[in-house]
Amino acid sequence: MGSVEHAVSETEQHGPAKGITRWLYTTNHKDIGTLYLLFSLLMFFVGGCMALTIRAELFQPGLQLIVPEFFNQMTTMHGLIMVFGAVMPAFVGLANWMIPMMVGAPDMALPRMNNWSFWILPFAFSMMLSTLFMAGGGPNFGWTFYAPLSTTYAPPSVTFFIFAVHMMGISSIMGAINVIATILNMRAPGMKLMDMPLFVWTWLITAFLLIAVMPVLAGVVTMMLMDIHFDTSFFNAAGGGDPVLFQHVFWFFGHPEVYIMILPAFGVVSEIIPTFARKRLFGYVSMVYATSSIAILSFIVWAHHMFTVGMPLAGELFFMFTTMLIAVPTGVKVFNWIATMFRGSMTFETPMLFALAFVVLFTIGGFSGLMLAIAPADFQYHDTYFVVAHFHYVLVPGSIFSIMAAAYYWLPKWTGHMYNETMGKLHFWLSFIGVNVTFFPMHFLGLAGMPRRIPDYALQFSDFNMVATFGAFLFGFSQLIFVYNLVCCIRSGEKATARVWEGSHGLEWTLPSPPPYHSFTEPPELDKNNTGQS
Amino acid sequence: MRCNRRALLYAGFFYAPLASADWQLNLIEGATEISRSVYSLHMVIFYICVAIAVVVFGVMFWSIFWHRKSRGAKAAHFHESTWIEILWTIIPVAILVSMAVPASTTLIQMYDKNNAELDIQITGYQWKWRYQYLDQDIDFFSNLTTPADQISNEAIKGDNYLLEVDRPMVIPAGKKVRFLITSNDVIHSWWVPALAVKKDAVPGFINEAWTLVDQPGIYRGQCAELCGKDHGFMPIVVEVKSAEDYQLWLQQQGALKLAQQQSAERDWSVEELMSRGEEVYKQSCLACHQAEGQGIPNVFPALAGSPLMNETVDEHIDVVLNGRSGTAMQAFAEQLSASDLAAVITYERGAWGNQGGAVSVQQIKEMLKE
């Protein structure tokens with residue numbers, strides 16, 4: 001604790017600057033983490049409003065509220081904003097806050113780059129959102145922007161979309177470099193890689209995925225830019241190009257991208273379950289290997305998004321088998337979490353509730369993923385609401401619930417105050433019900449034959465669409481409880497202790513709540529209670 | 001009267017869909033051997049998932065119930081076991097292998113495109129399908145027929161709302177039919193659930209698929225790949241006929257073609273052209289250029305007041321016949337008959353205040369020859 005007291009006095013000497021410049025010029029990992037998290041929350045609501053617009057239009061058959069052109073812009077922007085604006089920055093925010101504290105470092109390795117990688121984002125997203133007000137409308141070709149719909153047939157605003165994607169890519173790559181540099185260079189003396197908390201491990205692997213695939217995304221949008229403005233024909237069949245090439249390049253980025261959005265979630269859940277089960281994580285080593293296997297496999301499964309594109313039989317079989325294989329390491333992770341709970345001593349605070357819901361609902365998303373892997377059956381599921389149900393199950397009660405769990409878990413550490421537990425539980429139960437009422441019926445809609453991305457539908461799909469819309473509004477408005485709880489927790493609340501939770505383990509809990517401005521100014525002493533294996 | 005009808009519609013707002021309640025939960029078995037084996041694959045993998053879920057969630061809920069602190073549970077200290085990790089790696093692999101075998105078999109069957117008795121080329125257009133019977137000299141477009149007032153909730157929706165077309169694809173029962181699928185503009189996807197056929201229509205590629213339907217019937221589907229603003233409005237209808245009925249249909253198609261040729265031969269008055277032109281416009285042009293020819297700014301150009309519609313007649317005809325490369329403007333020379341082309345061009349030059357003057361069927365025929 002000696003080092004901690006020393007750190008507190010350091011804070012008094014050079015604490016945060018005052019006013020807006022604190023946030024503009026900050027190089028502090030906590031300030032930047034906070035900026036990332038608040039930005040992501042804002043984008044979560046912007047993307048959420050778009051989702052509710054979509055659901056409101058789909059409440060009834062027929063066109064009621066919006067025209068199909070605008071509907072397509074909403075589905076596109078909802079996807080882009082949730083993926084690049086809500087989920088990814090939230091995990092980068094968590095990484096910024098937690099990685100230095102978990103590995104015993106004073107800050108991130110590259111603090112000035114850290115500032116830059118955040119401040120690119122507001123500009124990138126302002127530019128992307130501004131396309132909605134441009135003549136011809138914003139991007140309307142789906143978040144997967146398949147050529148030639150996104151090139152020859154795109155609205156003029158597509159150029160701004162491409163520029164915005166470039167900026168997000170730069171931001172992500174810099175964030176990833178920073179995470180890797182911090183983890184590899186700034187661990188407390190004596191902390192081996194296999195001592196790191198799993199959240200740190202999953203982020204290390206995620207950061208390598210980001211560095212591997214963000215340039216591929218940059219490449220594919222640049223090829224689009226060339227096709228649109230410089231008369232190249234990468235994706236234009238009339239000029240000898242190949243529209244299917246677009247999909248191969250996009251999904252070579254796109255599939256690792258979906259693991260970028262779920263691996264840190266695995267890390268979060270692997271921190272929370274042992275804490276509230278009061279029992280060490282079962283199979284730490286196998287968790288690390290399983291995460292690595294998932295990351296490696298993610299590079300050789302991309303064409304399962306393209307089973308109907310007309311691949312040769314050998315291609316279909318290869319991608320079917322590799323995709324099925326992913327179920328194995330993913331299963332290992334789920335089994336390990338359950339073995340951790342088994343014969344533990346469990347309590348059910350809000351973070352644990354979200355983590356448990358994550359395990360169940362993410363697994364359901366995994367099951368539908370396994371079904372989708374069966375290529376002949378995928379011909380029936382592909383591009384229907386079954387797929388929409390699948391990826392929302394892994395992203396909303398998957399990624400988003402893990403982010404919520406992380407927020408409740410570490411909020412007392414960040415703010416020094418406990419959040420309101422009753423309100424947290426209410427938020428959880430309404431979200432849990434809302435998510436399932438929204439997305440479960442979508443499985444049925446897809447199986448009954450409703451294609452995705454349509455603004456109007458045949459009458460046999462009416463009932464479940466109505467149910468889904470009710471669920472979506474319940475889920476959406478429940479999130480306001482979180483905001484209220486968050487504001488209350490920042491402003492006031494019961495004082496939190498350093499350990500916060502009875503079963504907490506790891507270096508971040510050795511710091512006071514809230515932690516000093518520079519986390520560990522002197523390397524902490526490690527004992528078996530402070531490392532990931534604990 | 002109209003007001004009343006509206007009130008009635010709004011009154012039925014909540015009840016209308018419930019009245020036609022379907023609540024369909026599962027995939028359909030479909031009408032072909034392939035679709036039935038897809039269905040059984042779907043059910044097998046589903047039951048495997050359910051079985052795994054029961055075991056995994058069972059243990060989880062057991063722990064949540066019995067191993068909770070409030071029941072006085074004390075945490076055990078075990079935290080790893082190599083043999084159990086190996087076990088729960090090997091068992092899933094075994095399950096997956098047992099699943100991969102039937103899946104591969106069905107897939108190989110689906111990829112056997114030999115010995116088809118009939119070839120139909122399917123071409124996706126923004127937002128309609130074209131069916132060309134390669135050996136029969138039959139070639140037509142299939143458009144949505146759901147009226148606009150049903151879509152805008154001003155009329156009661158029909159039973160096949162959004163799933164009805166003017167000319168369905170017709171195929172004989174009991175014969176293997178091969179589909180050659182491609183696209184004229186963006187990527188579409190031709191999907192009929194009852195046939196378990198879903199294949200992307202990609203410009204520059206020809207994809208193959210096939211079906212063999214045992215029983216006559218009508219099967220409906222939709223475009224499955226986002227293809228622009230009217231993606232939700234390009235349905236597919238396949239009518240499977242018995243051998244005799246199919247022959248009859250073939251003869252009708254010959255007669256229809258003859259009638260079309262004759263209509264191009266006769267003289268058309270300007271009034272006739274204008275009224276026919278309005279129908280053709282609604283069918284083929286309205287989706288982009290809009291009801292009043294106003295277009296959508298920066299996306300689809302306006303026709304009302306356009307110099308193309310008011311002056312340069314040859315250029316106007318050229319654009320309609322051959323399209324504009326690099327834009328969404330399609331070539332209509334193959335889509336419409338000479339008389340329909342003359343009608344729609346005349347309509348565009350005479351409607352919404354345009355003063356371009358009529359064109360004759362003869363003019364179009366000469367341009368088509370070039």
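**Close-ups of a two-chain model**

**View 1. Ala405(A) and the residues around it.** Leaving out residues up to four places away in sequence, Ala405(A) touches Val268(A), Val269(A), Ile272(A), Pro351(A), Phe354(A), Ala355(A) and Phe358(A). Touching, or being in contact, is taken as C-beta atoms, placed from the backbone, lying within 7 Å. A word on what you're looking at: this is a predicted model, where local features need pLDDT of at least 70 and side-chain atom pairs count only at pLDDT 80 or more, while totals for chains, interfaces and linings use all residues. Residues are numbered from 1 along each chain as its sequence is written, and chains are lettered from A and ligands numbered from 1 in the order in which they are written.

**View 2. The largest nonpolar core.** This core has 264 residues, and Val269(A), Phe358(A) and Ala405(A) touch the most other members. A core here is a set of buried Ala, Val, Leu, Ile, Met, Phe, Trp, Tyr and Cys residues joined through C-beta atoms within 7 Å; buried stands for 20 or more other C-beta atoms within 10 Å of a residue's own.

**View 3. Where chain A meets chain B.** Here 85 residues of chain A are in contact with 86 residues of chain B. On the chain A side, α11(A) gives the most, with 14 residues. That side splits into 53 nonpolar, 21 polar and 11 charged residues (nonpolar: Ala, Val, Leu, Ile, Met, Phe, Trp, Tyr, Cys and Pro; charged: Asp, Glu, Lys and Arg; polar: the others, Gly among them).

**View 4. An open sheet in chain B.** Five strands line up as β4-β10-β9-β6-β7 (chain B), with mixed pairing. Strands (E, at least two residues) and helices (H or I, at least four) are DSSP runs, numbered from the N terminus, and two strands pair if DSSP finds at least two bridges between them. β4 (169-172) and β7 (197-201) of chain B sit at the edges with a single partner strand each, so one side of each has no neighbour in the sheet.

**View 5. β4(B), its partner and a helix across them.** β4(B) pairs with β10 (residues 235-241) of chain B in the parallel sense, over four bridges. Look for Pro172(B), whose bridge partner in β10(B) is Lys241(B). Helix α6 (residues 243-265) of chain B lies across β4 and β10 of chain B, at about 135° to β4(B) (angles run from 0 to 180 degrees between N-to-C directions of axes fitted to C-alpha atoms, for helices over the stretch in contact).

Definitions and conventions:
Buried ≥ 20, exposed ≤ 12 C-beta atoms within 10 Å, placed from the backbone. Contact = placed C-beta atoms within 7 Å.
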